[in-house]
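Please read the points alongside the sequence and the coordinates.

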Amino acid sequence: MANMTKNRKKCEKALFIQRIIAFFIDVILVAFVSSLVIFPFTDSESLEKLTNQNTTIANQYLSQEIDVNTYMNQSMDISYEIAKQSGLGTIITLIIYILYYVVFQFYNKGKTVGKQIMKIRIVSTEEGELTLNQLLFRAFVINSILANTIILLFTIFGSKNVYSLSVTIFMAIQYVLMIASAIMIGYRKDGRGIHDLIAHTEVLQNEVKERKLEVCEN
């Protein structure tokens, strides 16, 4: 019986590949839904014009028609203007992220569509059921909700320079957190990333979790 329990504990955590595939399925799904929802609120003509300007500036820099300082300054101006015009879309996207990664996942017992396909789910490492707060803290880190919210606030209330600095700092922090979490998931015995440690959660395989509960009940 002891050996059976030991073997089950070794395989009960979700595999790294399962979590990565589930993550990308969810990213693609949310991006698709968000693009459909925000489309009516988007000034496509203005955004396309700004994007074309950015491309033109990049080509001018590559052909050495302008120096690096000119390129950086003009590119920063355009990026800031794009962010300002996309403010409403960003707010809608953040709401969709919270509804999907927090609310939907809570009522679906710790599973997004990606996790459901890969047969894994989030559970609490503490006594009791998974809570909305745990999923919210988790999503703040791994789904970039906190970083994007802070950048949005600086976009709305800050200057161009403040916006550029916030993007540089908070996106760098976000990338470091995601890379560090991916490494931890791959190498830690419990497969927990930074977001799991903060939220007191872990990701297990569905069938193994169910078998574990059945054994405990018996």
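1. The model is a predicted one. The protein exposes about 13,300 Å², and carbon and sulfur atoms supply 63% of that area. Of its 218 residues, 35% count as buried.

2. The protein contains 11 helices and two strands. Along the sequence, these elements are arranged in the pattern α-α-α-α-α-α-β-α-α-α-α-β-α.

3. Contacts with a separation of 6 or more were also examined by sequence distance. Residues 24 or more positions apart account for 69% of these contacts in the protein.

4. Helix α2, residues 16-38, packs with helix α5, residues 87-107, at an angle of about 135 degrees, and their axes lie 10 Å apart. Because of this angle, α2 is oblique to α5; angles over 145 degrees would count as roughly antiparallel. The crossing of the two helices, α2 and α5, is right-handed.

5. The residues that form this contact can be listed for each helix. By class, the residues of the contact of α2 with α5 comprise 10 nonpolar, three polar and one charged.

Technical notes:
Residues are numbered from 1 along each chain as its sequence is written. This is a predicted model: local features need pLDDT of at least 70, side-chain atom pairs count only at pLDDT 80 or more; totals for chains, interfaces and linings use all residues. Side-chain values use heavy atoms; hydrogens and water are left out. Axes are lines fitted to C-alpha atoms, for helices over the stretch in contact, and angles run from 0 to 180 degrees between N-to-C directions. Helices (H or I, at least four residues) and strands (E, at least two) are DSSP runs, numbered from the N terminus. Angles under 35 degrees count as roughly parallel, over 145 as roughly antiparallel, 65 to 115 as roughly perpendicular and the rest as oblique. A crossing is left-handed if the near helix is turned anticlockwise from the far one by less than a right angle, and right-handed if clockwise. Ala, Val, Leu, Ile, Met, Phe, Trp, Tyr, Cys and Pro count as nonpolar, Asp, Glu, Lys and Arg as charged, and the others, Gly among them, as polar. Buried means under 20% relative accessible area, exposed over 50%, partly exposed in between (1.4 Å probe, protein chains only). Contact means heavy atoms within 4.5 Å. Accessible areas come from the Shrake-Rupley method with a 1.4 Å probe; for residues, only the protein chains shown count as cover.
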